[in-house]
Amino acid sequence: MVSASPFYNFLVRRNYVFLGVVFAGAFGFEMAFDRASDKVWDSINKGRQWKDIRAKYVESSGDDDE
């Protein structure tokens, strides 16, 4: 139980510190999970998304007045 003592004293002893660690961990996990799932989605759907085929359908917006 000696190894758990520093963890308890630093993070769990005070409720506001523990909640801060939980919320920061959840926020970090959410960002990492979103980034990883976006990478997987983009690799599966490469060439089929709007960002990949946009140049075929959208004319370049110039200063031409018609």
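With a relative accessibility of 15%, Gln49 counts as buried, since buried means under 20% relative accessible area, exposed means over 50% and partly exposed falls in between (1.4 Å probe, protein chains only). This is a predicted model, in which local features need pLDDT of at least 70 and side-chain atom pairs count only at pLDDT 80 or more, while totals for chains, interfaces and linings use all residues. Residues are numbered from 1 along each chain as its sequence is written, and side-chain values use heavy atoms, leaving out hydrogens and water.

**View 1. Gln49 in its loop.** Here we look at Gln49, which sits in the loop between α2 and α3 (50–57). Set aside the neighbours within four places in sequence, and Gln49 is in contact (heavy atoms within 4.5 Å) with Trp41 and Asp42. How much of the protein chain is buried? Buried residues account for 5% of its 66 residues.

View 2. The term asks for a side-chain nitrogen of Lys or Arg within 4 Å of a carboxyl oxygen of Asp or Glu. Side chains of opposite charge can pair when their charged atoms come close. A search of the whole structure turns up 1 salt bridge. Are the two partners buried or exposed? Asp42 is partly exposed, because its relative accessible area is 27%; Lys51, at 56%, is exposed.

**View 3. Phe29 and Phe33, ring to ring.** Searching the whole structure gives 1 aromatic pair. That pair is Phe29 with Phe33, and it is stacked, at 6.0 Å centre to centre with 25 degrees between the planes. For the cut-offs, rings of Phe, Tyr and Trp (its six-membered ring) pair if their centres lie within 6.5 Å; planes under 30 degrees apart count as stacked, over 60 as edge-to-face and the rest as tilted. Both residues belong to helix α2 and sit 4 residues apart, about one turn of the helix. Phe29 and Phe33 are both exposed.

View 4. Phe18 lies in helix α2 (residues 15–44) and counts as partly exposed because its relative accessibility is 36%. Val17 is found in helix α2 too, and is partly exposed at 25%. Beyond residues up to four places away in sequence, Val17 touches Phe10 and Leu11.

**View 5. Stepping back to the chain.** The protein chain has 3 helices and 0 strands, with helices (H or I, at least four residues) and strands (E, at least two) taken as DSSP runs numbered from the N terminus. It exposes about 6600 Å², 60% of it supplied by carbon and sulfur atoms; areas come from the Shrake-Rupley method with a 1.4 Å probe, and for residues only the protein chains shown count as cover. Mean pLDDT, the predictor's confidence in each residue on a scale from 0 to 100, is 86 for the chain, and 85% of the residues score at least 70.
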